Amino acid sequence: MNEVEIADLRRLTEVIREKYNYDFSNYAMSSFRRRIQRVLELYKFSSVDALLKRLQDEPRFVKEFVSEVTVNVTEMFRDPSFWRELRDHVLPNILLNTQSISIWHAGCSSGEEVFSMAILLREMGILNKCKIIATDLDADIIQRAKSGVYPLKNMELNQKNYVRFQGQASLDKYYREEQGKVLMDKSLIEHVSFREHNLVSGAAFSKFDLVLCRNVMIYFNQTLQNNVLKLFHESLFKYGYLVVGSKESLIWCEIANKFIVVNNEEKIYKKVKD
Amino acid sequence: MSKFNLHNQYKAIVIGGSAGSFQVINKILNGLPSDFDLPVIMCLHRLKHVRHGFVEALNIKSSITIEEPSDKDGIKKGKIYLAPSNYHLCIELGNAFSLSTEEMVNNSRPSIDITLETASYVYKNKLIGILLSGANRDGALGMKRIKDRGGLTIVQDPSECMIDTMPAAAMKVTHIDHVLSAQQILELLLELHKKIKI
């Protein structure tokens, strides 16, 4: 097997940046390297050069490449204790100050977290009061999220998470099965706006009460994490909430002093300074 | 007296374990001196939905406090780390961890292969890999990577393992430098400790 070296990664990121305007140069080396290795195996490229050639010769291939390189493994109600905290404390707190909550799912992937959020909000009876925007850099995965179709085999884990979240009903109330797939109740996301947005290069486009970006920045190096956190700071109303993954932290970053920790266990932060 | 003929250039130790490895890990952690100088990075198969309890249980017997690293945490000398539940634990250049929620590997997240492979890429021949008792083949390819890049490979003696699938799989795919009992693994680490302190 051909080993992907750091120099190969540099050549790749340069070509993709210059030709297609996707910048992977600040992705974390260890996972990016493995993703490239994976693309080589998946498409049976004999070398990084063969992959480079395909990327240069066939502009359409870059979309597929981006889909494969980015990680799209996610669950509904991952970390059920976080979703409980959101329902029992964070959202009620936001509702003290505003009638309509604006929420940004940054890096929404195939949409499992968007559906989790919509189910939670409907069970709280406030789904109609919420404005949700879900973004990802990958247009194909956004289509998948919008379609709300998931493999049936994923539902066992999702159901277990939902039970641990202590939802009001049973998760199967929100979907129906068809030929080994589940079709989510689309009315859950009828007011969700899905957009293409790249955290690496995208600017702030609105202000939010709550930004969720869980297990997305783990694929970035600290330089990029810093930039993205500034973007989130800019995108939050004062006293708005930012949530990252359970093993991510803000304490080291440049703008850490503009946030306070609301819940360290679930990595919920609140913007306290502009 | 030098039983294992170790050099003193090693930078890190990675340990993989699964079913039947808990007591072995406890024995090793309990026997390490509190001033043991190398980082020890452990990837042990564990329940995906239980975030708490495991590191606390290991800490009871350990002379050095064990931590579950957060993403991009620095890797420090004299610390012991445990891969958190439902994340792969990777080693970055520049002595830091990174976490990943990628697909399961060998039905596992954390996967031992991923921790071992990324560690060997960063530490090359300055890495010691130890694979303990376990019921699947996770870790075998990672051990091969360590060997291919010049590191030292150690497995727990299959005859001593509660379940020997894991070390046996590693022995099939690569050369293992030492096949040792839990007690001997500890002795090797203590010998290494003395070498480094001199």
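A salt bridge here is a side-chain nitrogen of Lys or Arg within 4 Å of a carboxyl oxygen of Asp or Glu. Keep that rule at hand for the close-up views below.

This is a predicted model, in which local features need pLDDT of at least 70, side-chain atom pairs count only at pLDDT 80 or more, and totals for chains, interfaces and linings use all residues. Residues are numbered from 1 along each chain as its sequence is written, chains are lettered from A and ligands numbered from 1 in the order in which they are written, and side-chain values use heavy atoms, with hydrogens and water left out.

View 1. Chain A is divided into domain 1 (6-69) and domain 2 (80-271), with bounds that come from an automatic or database domain assignment. Their centres, taken over C-alpha atoms, are separated by 28 Å. In this view, 10 residues of domain 1 of chain A are in contact with 12 residues of domain 2 of chain A, where contact means heavy atoms within 4.5 Å. The two domains bury about 970 Å² between them, 50% of it on carbon and sulfur atoms. Buried area is the accessible area (1.4 Å probe) that two parts lose on being put together, summed over both. The rule finds one salt bridge across this interface. Look also for the side chains of A:Glu196 and A:Lys63, which meet in a salt bridge with an N to O distance of 3.8 Å.

View 2. Helices (H or I, at least four residues) and strands (E, at least two) are DSSP runs, numbered from the N terminus. Six of the seven residues of strand S2 (residues 130-136) of chain A are buried, so the strand is largely enclosed by the rest of the structure. Buried means under 20% relative accessible area, exposed over 50%, and partly exposed in between (1.4 Å probe, protein chains only). Strand S1 (residues 101-106) of chain A pairs with S2(A) in the parallel sense over six bridges; two strands pair if DSSP finds at least two bridges between them. Find A:His105, which stands opposite A:Ala134 in S2(A). From S1(A) the chain crosses through helix H6 (residues 112-124) of chain A to S2(A), and this β-α-β crossover is right-handed. Right-handed means that, with the strands pointing away from the viewer, the path from the first strand over the helix to the second runs clockwise. S2(A) also pairs with strand S6 (residues 192-196) of chain A, in the parallel sense over five bridges. Here A:Thr135 has A:Arg195 in S6(A) as its bridge partner.

**View 3. The open sheet of chain B.** Seven strands form an open sheet in the order S3-S4-S2-S1-S7-S8-S9 (chain B), with parallel pairing. Its edge strands are strand S3 (66-67) and strand S9 (178-180) of chain B, and each pairs on one side only. S3(B) runs parallel to strand S4 (residues 80-82) of chain B, and two bridges join them. Across this pair, B:Ile66 stands opposite B:Ile80 in S4(B).

**View 4. Helix H4 of chain B and its packing.** In helix H4 (residues 140-148) of chain B, the buried residues include B:Ala140, B:Met143 and B:Ile146. The buried residues of H4(B) pack against several elements of chain B, among them strand S1 (12-17), helix H3 (112-123) and helix H5 (165-173).

View 5. A:Asn21 is not a glycine, although it has a positive phi of about 70 degrees. You can find A:Asn21 in the loop between helix H1 (6-20) and helix H2 (29-42) of chain A, and it is exposed, with a relative accessible area of 63%. In chain B, the peptide bond from B:Arg109 to B:Pro110 is cis, with omega near 10 degrees. B:Pro110 sits in the loop between strand S6 (96-100) and H3 of chain B.

**View 6. Chain A meets chain B.** The contact takes 34 residues from chain A and 29 residues from chain B. About 2,600 Å² is buried between the two chains, and carbon and sulfur atoms give 42% of this area. A:Arg34, A:Val73 and A:Lys247 supply 26% of the area that chain A buries against chain B, more than any other three residues. The rule finds 10 salt bridges across this interface. A:Arg35 forms a salt bridge with B:Glu102, with the closest N and O atoms 3.2 Å apart.
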